[in-house]
Amino acid sequence: MIQMQRITKNYRLGELDVPVLKGIDLSIAPGEYVAIMGMSGSGKSTLMNIIGCLDRATSGNYTLNGVDLTTLDDDQLAYIRNQQIGFVFQQFNLLTRSTALENVMLPMVYGGLPLAQRRDRATEVLFKVGLGDRLLNRPSQLSGGQQQRVAIARALVNDPALILADEPTGALDQKTSQEVMGLLAELSQQGITIAIVTHEPDIAHQAQRIIYVQDGLVLNRSHNLVS
Amino acid sequence: MSIPSSNHAYSPSMIEVFGMAIDSLRSNRLRTGLTMLGMIIGIGAVITVTSVGRGAQKSVEQQIESLGSNVLTVMAGASSRGGISQGTGSASTLTWEDAKVVAEQVTMADAVSAYLQKVNTQVVYDSKNTTTTIIGTDLNYSKVKNIYPQQGQFFTQDELDAALSVAVLGSKVRDQLFSQENAIGLDIRIQGKRYRVVGVMESKGAGGIQDQDDSVYIPLSTMSAELVGNNALSGIAITGFVLSTQATDQLDAAQFQVSNLLRLRHDIYPPQADDFNIINQVNLISTLGTIISLFTVMVTAIAGISLVVGGIGIANIMLVSVVERTREIGIRKALGATRSAILSQFLVEAVVVSAIGGGIGVVFGIGVSVGASLALSIPLVISADSIVAGLALSVGIGVLAGVIPAQSAAKLDPIVALRSE
Ligand SMILES: Nc1ncnc2c1ncn2[C@@H]1O[C@H](COP(=O)(O)OP(=O)(O)O)[C@@H](O)[C@H]1O
Ligand SMILES: [Mg+2]
């Protein structure tokens with residue numbers, strides 16, 4: 001699913017080129033469920049953004065689903081984000097003025113689905129994440145856990161091959177975290193590839209493999225949790 | 001996995017973008033309302049100003065038109081015969097014969113009417129009185145000035161020949177002397193002398209050289225008898241005469257002929273000054289018309305400036321809203337919005353806001369114009385071109401004001417946009 005070789009990322013800070021990723025080698029198999037752990041500032045989010053085509057690597061090779069992404073232009077990356085990838089963010093990142101239904105419909109707007117189909121599909125997915133009775137609520141009228149479930153529904157709605165979740169439970173309490181993790185586990189069982197960044201070991205242990213990032217590099221002591 | 005080439009990446013259809021724009025505008029009513037306000041006031045002002053300007057112009061034209069746009073007024077001027085100026089009034093430089101010869105010899109003249117005029121004269125009926133202008137004239141006056149009785153009739157040739165004491169009242173004089181009763185057949189007094197009212201003129205409204213409604217018309221012979229004790233017309237001095245031509249474009253030629261004829265009759269050779277003045281209504285109209293249209297252009301320019309200010313206001317609010325909506329743009333991009341999708345969303349929002357604002361502005365402008373035309377009693381002139389221009393202008397300003405903010409929104413890096421807070 002994902003092959004990365006010697007991925008580097010530098011940020012320009014004024015005159016300085018600050019290296020954040022220093023040569024990441026990473027491979028994730030189709031259908032795999034991985035957790036990425038590491039200290040704050042180690043480069044996990046930067047890595048996730050590159051995996052998710054939100055950002056470009058400074059150098060290195062990245063192949064997603066057999067497609068070499070380094071050669072694609074912005075519109076093609078937009079298409080891949082739309083069709084292949086679902087994002088779940090720590091801060092939910094919902095449109096605050098739109099309803100749950102409208103939020104979930106949004107990826108299909110950019111995917112070119114007709115309105116009626118969008119509404120049906122978004123409703124279906126919201127039912128699936130247990131929010132069938134909250135279709136017309138705005139984010140401010142939902143709890144944190146419910147908002148994150150809307151975000152998951154939005155990530156799912158275009159049937160992506162890959163779901164990327166950057167600290168999805170970071171803003172949630174224990175109980176709602178478990179609800180969200182339960183949803184991700186279900187998706188994994190359906191064969192969707194999932195990568196999740198987390199600080200919490202017991203969250204990470206719900207994945208099949210833990211990848212450790214430290215100071216811009218992937219550590220070798222990758223932790224396989226499936227026997 | 002198949003990746004479309006970049007120019008085949010999906011961008012929402014125009015209808016789709018339009019719907020998004022409406023949703024987005026509806027979800028932030030305050031911002032939308034403020035943005036529209038500039039447009040409403042700008043377009044409203046442009047429409048109101050042009051409509052009031054044109055209405056005023058039309059009103060002046062109508063009034064002067066009603067006085068006759070084919071009329072020359074020739075008035076006696078300072079006599080300078082023998083090099084001694086005798087001043088106006090003391091001895092008129094025009095005689096009844098001048099008018100008669102003009103009528104006979106000026107080929108461009110359709111009708112000519114001589115008159116004597118006395119201003120500030122008291123007219124009394126019963127216990128009421130008013131101060132007005134007495135005009136002694138002949139039967140042609142009605143035709144030349146295109147003013148006809150609404151009640152009764154103008155005096156007759158017989159009454160003129162016999163120098164009878166009959167009077168035709170201007171509508172304003174009638175209103176001042178008589179309340180409800182029919183004035184026809186009743187007697188009024190002019191300087192103590194009785195006159196029988198035989199007619200009341202239609203109203204023409206104030207305008208031109210003198211207010212025709214604020215006049216009393218009596219036979220020239222009668223007036224002459226009062227003033228000089230001679231009711232035979234031949235030889236009497238007159239205040240002037242009015243002359244009409246068949247068509248407006250004959251007026252200049254008629255003026256030329258009248259001038260030459262009178263100079264000849266009065267032995268005036270350049271560089272000697274004429275002893276008469278000719279007032280040309282067409283010149284009056286065009287002078288007044290020019291002043292009003294200049295004024296209209298000026299005020300429209302001011303309104304245009306307010307429109308530009310409105311446009312800058314829109315650009316400003318759009319720009320602020322891009323900053324405020326950076327996170328939204330980031331979210332949309334993360335979910336697959338292309339650069340052109342964001343660009344068209346913001347552009348369409350700007351255009352929709354200003355078009356709706358412009359539309360409301362048009363309605364608002366029409367409303368104010370109607371009010372102004374009622375308040376100022378001028379004709380209501382709302383031309384399609386100012387409405388079309390107003391709408392086109394608002395959409396144009398929307399595009400102009402929206403382009404830069406839309407471009408900066410579209411250019412945002414998704415990751416930078418998402419990180420913003
Ligand atoms: N846009 C940026 N410009 C400059 N430095 C950045 C930027 N984004 C992240 N960094 C830096 O890169 C490093 C890694 O950040 P990040 O990937 O967010 O870490 P993590 O998610 O593991 O906490 C941090 O030191 C951070 O300050
Ligand atoms: Mg992070």
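**Sheet and ligand site**

Me: How many bridges pair strand 1 and strand 2 of chain A?
Reply: This is a predicted model, where local features need pLDDT of at least 70, side-chain atom pairs count only at pLDDT 80 or more, and totals for chains, interfaces and linings use all residues. Residues are numbered from 1 along each chain as its sequence is written, chains are lettered from A and ligands numbered from 1 in the order written, and side-chain values use heavy atoms, without hydrogens and water. Strands here are DSSP E runs of at least two residues, helices H or I runs of at least four, both numbered from the N terminus, and two strands pair if DSSP finds at least two bridges between them. Strand 1 (residues 2–13) and strand 2 of chain A run antiparallel, and the number of bridges is ten.

Me: Which strands of chain A stand at the edges of the sheet?
Reply: The open sheet has four antiparallel strands in the order 2-1-4-5 (chain A). Each edge strand has a single partner, so one side is left without a neighbour; these are strand 2 (16–28) and strand 5 (67–68) of chain A.

Me: Which chains surround ligand 1?
Reply: Residues count as surrounding it if a heavy atom lies within 4 Å. Among them are A:Tyr11, A:Lys44 and B:Arg419. The site is therefore shared between chains A and B.

Me: What is the distance from an oxygen atom of ligand 1 to an N or O atom in the side chain of A:Thr46?
Reply: Polar contacts with the ligand are pairs of N or O atoms within 3.5 Å. The A:Ser45 side chain has one at 2.7 Å, and the A:Gly43 backbone one at 3.1 Å. For the A:Thr46 side chain, the distance is 2.5 Å.

How values were computed: Polar contact = N/O pair within 3.5 Å; in protein donor to acceptor, adjacent residues only side chain to side chain.
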